[in-house]
Amino acid sequence: MYTKKNVFEFFFIPFLDFISLLHSSHAAPTQLRSHPPLSALLSQSRHSSRHPSPIAARRLLPIARHALPAVSCASLALSCPSPPPTSQGFFRNFEGRSGKKTSDVWAHFKIRADGRAECNYCGQDYKYDTKTCGTNTLRSHVEVKCKKYPLRIEDKKQKAITLFTKSKAAEEDDVNCKKYDPKEVRCEIATYFILAELPFRHVQDEGFQGYTRYFYPTFQFPSRVTVAKDIYQMYLAEKVKLKRELKKHRVSLTTDCWTSIQNIGYMCLTAHWISNDWTMQKRILSFIQVPSHKGEILGKELIACLHDWGIDKVLCVTVDNASSNDVALKKLKSDLQEKKWGLVLDGEMFHMRCCAHILNLVVCDGLKEISHAISCIRNAVRYPRSSTARLKRFKESCKEANIESRALLCLDVSTRWNSTFLMLEAALKFKKAFEILDGDANYTKYFEEERVNGKKIDGPPIHHDWEKAQVFVKFLKIFYKVTTRISGSLYVTSNFFFKEI
C-alpha cells in the first residue's frame, strides 16, 4: 500500500526532475546557477524525516513558476504536506482550514457574531467551537427538541418512524417520532387480519408484501403460523379484560341454536349489558358445536360457558319458543339460584321469549294461506335468473311495458319470511313484464317441462295470483317494519314491544 512518502518519492520527484531539465534548456546561465538540481534539494529531506521538508518544497515553487506557468502553486504545495496530520485525517484538516462546513446540520443553523450557533426555526442557540465542540448537540436539537422544524432527520443509529399529524389549533404540522418496535407491528398486523376477516395465508400474498415493502423495504414478514399465534394471544389478553369488565355488571343473555347444511348443530351465546357511561354493550361469549338440541345438553353447555367467563349475575335470558329451551333454562336457573346475587326477583323475569320469533310464527301461518300464489310467483322470478338468454328476453319485455324501475328481482329463503316479502315486493314492480312473457313459447315451456323432485312446478302466475300477492304485501309490510325495529342489537328494544304490536 502506498503511503504519502512513497507517492512523493516515486511519482512526484521524477516529474520535478523533468521540470528542472526543461527549465535548464530555456533558462539563462545565471538562473541555472541560482537553482541547484532538484534531487539535491530533496535528498536531504528524503532521509532526514518521514515527510518531505516544507522548506524544500517552498524552494521548488520558483522553478515550477518559470517552467510551467499554468501549474498551480497551490497544487504543488498540496503534494508537499506539512507536519504530520492530526487523527482526523489529512483531507479533513485541509477542509477545516478552508472554513467550509461539511456537516448537513449547518443547513439548519447559522453562526452569530458572538460565535454561537442559532437554530433557523426556533431560535435556540448553542455554543459552537470547531476545536472543542462538535455538531452532535446541534443534530440532537434538530432531531428531537426543535418543535418548529417541519421534518426530522433520521437517526441512522436507531430505526425511527416519523409521523406527521395535522394540528387542529394551527396550520403547522405536528411531528412525532416513534421508535420502531417489531412486537407492535405484529400486533397491528394481527388486528388488521381480524378486522378485515382475512385468512392467515394472506400474509404471504405477493400484493400485500409488495405494498408493505414500498414503505419498509427491509421488513421481515411473519409466517401465517405466527399470525395465527399472535391472534390467539390477543384473544387471551382481551378475554382477561372482558372477564374483569363482566364482573362489574349484571348481564342479559341471548342464545340460539341451528343446524347447518352439513347437519352439524351449533349454539351461540351473547352477553348484553350497559356500561358505566350508559352505553349498550354486546359481546359474543361462545360459538360452539353441540351434539344435539336437547334441553339437557344445551343447559349443560350454558352453565359451562358462564363458569368459564366468571359470570354469576344474570338478569334474564332471551330465547325462541322451542321446547328444548324451556328445559335448558330451568337447569341454568337452578344453578344461578345457588349463588347469592345470581338472579333478580328469584328469577321471575329470568326466561324471556323472543318477540321477533313470535311475529315470525304469526307471519308464517299467514303465508300458508296463499302458498300456491307465492310458489307461482317464485318460479316466475326464478325464470329470468336461470340463464343469460332468459334475462335478456325479460329486459326486452320490461322495455315493452315501459318499466323504468332499477329494482332487481330476488329469491326468498325458506327460513326467513322477510325475504319472501322482499321477493313479492320486487316482483310486483315487474308484473306487466311477466304478463308480456306469457305469450313467449320458451316461458310457457319452462313451466311445463321443469320438474322439482319429480313434480311439475307451479305457474305461471295468473291475474288472481298477482292480486293476492298485492294485498298480502301490504299486510307483510307492517310486520316487516315492526320486526326490523325490535330486532336491533345496538339499542334497547324491550320498551318497543307493546307500542309496536
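Buried means under 20% relative accessible area, exposed means over 50%, and partly exposed lies in between, as found with a 1.4 Å probe on protein chains only. The model is predicted, so local features need pLDDT of at least 70 and side-chain atom pairs count only at pLDDT 80 or more, while totals for chains, interfaces and linings use all residues. Residues are numbered from 1 along each chain as its sequence is written, and side-chain values use heavy atoms, with hydrogens and water left out.

**Exercise 1. Find the salt-bridge partner of Asp104 and state which parts of the chain the pair ties together.**

Step 1. The partner is Arg139, with 2.9 Å between the closest N and O atoms.

Step 2. Asp104 belongs to the loop between α6 (90-98) and β1 (109-111), whereas Arg139 sits in helix α7 (residues 136-145), so the pair ties together parts that are 35 residues apart in sequence.

Step 3. Asp104 has a relative accessible area of 44% and is partly exposed; Arg139, at 25%, is partly exposed as well.

**Exercise 2. Describe the sheet that contains β1, and locate its edges.**

Step 1. Two strands pair if DSSP finds at least two bridges between them. Three strands form an open sheet in the order β1-β2-β3, with antiparallel pairing.

Step 2. β1 and β3 (125-127) stand at the edges with a single partner strand each, so one side of each has no neighbour in the sheet.

Step 3. β1 is joined to β2 (residues 116-119) by three bridges. Ile111 stands opposite Ala117 in β2, and Phe109 has Cys119 as its bridge partner there. The hairpin of β1 and β2 has four residues between the strands, and Gly115 in the turn has a positive phi of about 85°.

Step 4. β2 and β3 also pair over three bridges, among whose residues Glu118 has Asp125 in β3 as its bridge partner. Their hairpin has five residues between the strands, and Gly123 takes a positive phi near 85°.

**Exercise 3. Identify which residues are linked with Arg112 in a network of salt bridges.**

Step 1. Arg112 and Asp114 meet in a salt bridge at 3.0 Å, N to O.

Step 2. The network links Arg112, Asp114, Arg116, Glu118 and Asp125. Arg112 is partly exposed, with a relative accessible area of 29%.

**Exercise 4. State how many disulfides the structure contains, and examine Cys354.**

Step 1. A disulfide is a pair of cysteine sulfur atoms within 2.5 Å. The search of the whole structure finds zero.

Step 2. For Cys354, the nearest cysteine sulfur is that of Cys355, 7.2 Å away.

Step 3. Cys354 is partly exposed at 25% relative accessibility, whereas Cys376 is buried at 2%.

Methods. Salt bridge = Lys/Arg side-chain N within 4 Å of Asp/Glu carboxyl O. Helix = DSSP H or I, 4+ residues; strand = E, 2+ residues; numbered from the N terminus.
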